[in-house]
Amino acid sequence: MFRIYPRMLTFLAVAAMVLMAVGQYAIWFYAPEEMTMGLVQKIFYFHLPLAWWCFVAFFGVFAASVMVLWTGKEKWDVLAGVLAEAGVLFSGLALITGSIWGRAAWNTWWTWDPRLSTTLVMWFVYSGYLVLRAADAGGAKGARMRAVLGIVAFVDVPLVFLSARLWRSIHPAVLASRSGGLEPEMWTTVWINLLAWGALFAALVLARYHGAGFARRVEAALVRIQEKTLQ
């Protein structure tokens, strides 16, 4: 039922460590210091990858939930839960790094800007999704209920991405202009760190998926032992 990929997990973990080291070098020694914000702008190289990979995670929850309804296989339900965990972690860190950046740029830790507000709603929606999963609500139909919730929750994700374009927002839209207002060295640093956080994201998801697989195997073995004992 659950395939285990130990070599792939090892590769992703090593790749994440190497890329993270290269990414940190690029942030602090390669990318030029932004003239207006100075060193605080360096948070951007953490904030942007965290935000983009949380979008990937929540799209993964949506796709895996569709597969649950289509195939009824448990592995898709488990994958949806693992991706939701990673998405909540990454979006939470994106909110924290964004708040630190906002304090320096806007002189406030928080403002009810459309981008920030929709992101906070997204974080609460998926946190609630994880709480319901932990409660194991729905009994035998729980997986299908969680799948429906995983699909409905995704409605907020495009709103977060488009909010800075649809409404008057003080949050910068990095891809709104051709260059994003960044120097070439800054873009190189952005892509390196996107890869680094992507490798870490994939390693975390695969590790959690392996953990769920081992847990299911242990549960199945205990059930077989119990059945033999009762015979």
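User: What order do the elements of the protein chain run in from the N terminus on?
Analyst: The elements run α-α-α-α-α-α-α, which amounts to seven helices and zero strands, where helices (H or I, at least four residues) and strands (E, at least two) are DSSP runs numbered from the N terminus. This is a predicted model, in which local features need pLDDT of at least 70 and side-chain atom pairs count only at pLDDT 80 or more, while totals for chains, interfaces and linings use all residues. Residues are numbered from 1 along each chain as its sequence is written, and side-chain values use heavy atoms, with hydrogens and water left out.

User: OK, and at what angle do the axes of α1 and α7 cross?
Analyst: The axes of α1 (residues 6-30) and α7 (residues 184-230) cross at roughly 150° and come within 8 Å, with axes being lines fitted to C-alpha atoms over the stretch in contact and angles running from 0 to 180 degrees between N-to-C directions. The two helices are therefore roughly antiparallel to each other, a label for angles over 145 degrees.

User: Switching to S91, is that residue buried or exposed?
Analyst: S91 counts as buried because its relative accessibility is 0%, buried meaning under 20% relative accessible area with a 1.4 Å probe, protein chains only.

User: Where does S91 lie, and which residues is S91 in contact with?
Analyst: S91 lies in helix α3 (residues 74-106), and, leaving aside neighbours within four places in sequence, S91 is in contact (heavy atoms within 4.5 Å) with C54, F58, M122 and W123.

User: What does the side chain of S91 reach at 2.8 Å?
Analyst: The side chain of S91 reaches the backbone oxygen of G87 at that distance.

Notes: Angles under 35 degrees count as roughly parallel, over 145 as roughly antiparallel, 65 to 115 as roughly perpendicular and the rest as oblique. Buried means under 20% relative accessible area, exposed over 50%, partly exposed in between (1.4 Å probe, protein chains only). A polar contact is a pair of N or O atoms within 3.5 Å; within protein, one must be able to donate a hydrogen and the other to accept it, and residues adjacent in sequence count only if both atoms are side-chain atoms.
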